[in-house]
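Please look through the structure below with the following explanation at hand.

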Amino acid sequence: MDEISRHVVLTGGGSGIGREAAAQLLAAGHRLTVVCRDGATAERLRERLGGALATVIADLADLESVEAAAAALRKAGEPIDSLVLNAGLQYSGAKEPRWSAQGFELTFAVNHLAHQALLRRLLPLLLQGRAPRLVVTASEVHDPTTAGGKVGQPAGLGDLAGARRGPGAAMVDGGPFNAEKAYKDSKLCNVLMAREVERRLRRKGTPVPVIAWSPGLVIPRGPGGFFRDSQRHNPLGQAVFAFVARDLLRLTESPERAGALLAGLATTTPLEPGFHYWSNRVRGPGRLRFEEGEPSAEARSDVLAAELWELSARAAGLEADEGVV
Ligand SMILES: NC(=O)c1ccc[n+]([C@@H]2O[C@H](COP(=O)([O-])OP(=O)(O)OC[C@H]3O[C@@H](n4cnc5c(N)ncnc54)[C@H](OP(=O)(O)O)[C@@H]3O)[C@@H](O)[C@H]2O)c1
């Protein structure tokens, strides 16, 4: 490895923004390990991206699978310079919740809980890395004051009644299931987790840059893409939404550029230790600006961040300070 090459571990590298970032990271000479859902996905990705790619298997809907992946990485023992928690799903339009292997609502389980578990298990390797940094892919919809965050029910974790209840709770706030809000809530959890781990690491005397970021709306052409699950529940509505947002109003970001933004945050963007929030904001048709800013008011709550951290640790079978000390 040369001086500027980094070891990047990435979730959600099998498609979309993560796959674009993966291709660009490899092309730039970084050493990349992608956490893939299963062996077939890993195989397809290795064929597509070439031999330098390393993969490890974790179905993020199963905490045991996450634990096994983290154990394999710890056993291999290679320090991690950039940990990028990017995988995510949504199934907007569904009337009924789906569940993870441990009985948590699927959006919360995959987007937040699995990443909390992976992060905690991999922190020792990250802290051994060179100028380590953590990147978490959130979304502007975590913020009810943004254009996307205003549509439908806003994000809000209430008093975390659902998180306290654990398996079987349809929503983190304990309310009735709403798939779209579940997604927004999970992205709010992403930002809160990023802020809390940064605070805990700083308090322990090992400050690192922690970046939560929002890629903007990314709707690739063709059948795949982030909205594929939502499409199943409302194909016509999703097709109209894609056409209007991407082609008519030109409010979307390309997967290639979103991948480049992610690759940059993981490796080259100059960052001081501390928490950072970056967002790819729409400034007008075909005009997006990637800039540092503030996450939502709720995402800035220290009390909520600490409480979510502890409840998530308990849900994932971790000690509150595991990995941080
Ligand atoms: N697209 C947007 O408009 C947009 C906007 C804001 C934020 N984001 C965020 O950006 C991130 C990447 O989204 P994207 O647009 O690139 O969507 P995508 O193409 O659907 O990619 C999502 C990735 O997450 C992985 N994933 C989902 N469930 C998994 C599981 N159970 N186990 C392991 N991996 C799993 C997928 O793996 P498979 O390939 O195996 O399915 C895929 O690699 C997400 O966190 C999303 O919330 C996206």
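Two strands are said to pair if DSSP finds at least two bridges between them. Strands (E, at least two residues) and helices (H or I, at least four) are DSSP runs, numbered from the N terminus. The structure is a predicted model, in which local features need pLDDT of at least 70 and side-chain atom pairs count only at pLDDT 80 or more, while totals for chains, interfaces and linings use all residues. Residue numbers start from 1 along each chain as its sequence is written.

The protein chain contains 11 helices and eight strands. Its radius of gyration is 18 Å, close to the 20 Å that the globule rule gives for 325 residues, so the protein chain is as compact as a globular protein of that length. The radius is taken over C-alpha atoms, and the globule rule is 2.2 Å times the number of residues to the power 0.38. The C-alpha trace of the protein chain spans about 50 × 40 × 35 Å along its principal axes.

Of the 325 residues in the protein chain, 50% are buried. A residue counts as buried if 20 or more other C-beta atoms lie within 10 Å of its own, as exposed if 12 or fewer do, and as partly exposed in between, with C-beta atoms placed from the backbone. Two residues are in contact if their C-beta atoms, placed in that way, lie within 7 Å. Among contacts in the protein chain with a separation of 6 or more, 70% are between residues 24 or more positions apart.

The strands form an open sheet of eight, in the order β3-β2-β1-β4-β5-β6-β7-β8, with mixed pairing. β3 (54-57) and β8 (287-293) stand at the edges with a single partner strand each, so one side of each has no neighbour in the sheet. Neighbouring strands are turned by 20° against each other on average, direction ignored. For such angles, axes are lines fitted to C-alpha atoms, for helices over the stretch in contact, and values run from 0 to 180 degrees between N-to-C directions.

On one pairing, β6 runs parallel to β5 (residues 133-137), joined by four bridges. T137 has W213 as its bridge partner in β6. β6 also pairs with β7 (residues 274-284) in the parallel sense, over six bridges. W213 has W278 as its bridge partner in β7, I211 stands opposite H276, and V210 stands opposite F275.

β7 in turn pairs with β8 in the antiparallel sense over seven bridges. These two strands form a hairpin with two residues between them, and G286 in the turn has a positive phi of about 70°. G284 has R287 as its bridge partner in β8.

Helix α7 (residues 179-203) lies across β5, β6 and β7, and runs at about 170° to β6. α10 touches β1 (7-11), β4 (82-85), β5, β6, β7 and β8, and its direction makes about 145° with that of β4.

Two loop residues have a backbone angle to note. Most residues other than glycine have a negative phi. L160, in the loop between α5 (147-150) and α6 (161-165), has a positive phi near 65°. With 18 C-beta neighbours inside 10 Å, L160 counts as partly exposed. R250, in the loop between α9 (235-248) and α10 (255-267), has a positive phi near 55°. R250 has 13 C-beta neighbours inside 10 Å and so is also partly exposed.

Which residues come nearest to the ligand? Of the 24 around it, they are G12, G14, G16, A87 and G88; a residue is near a molecule if its C-beta atom, placed from the backbone, lies within 6 Å of it. Helix α1 (residues 16-27) gives the most to this shell, with three residues. The shell divides into 10 nonpolar, 12 polar and two charged residues. Here Ala, Val, Leu, Ile, Met, Phe, Trp, Tyr, Cys and Pro count as nonpolar, Asp, Glu, Lys and Arg as charged, and the others, Gly among them, as polar.
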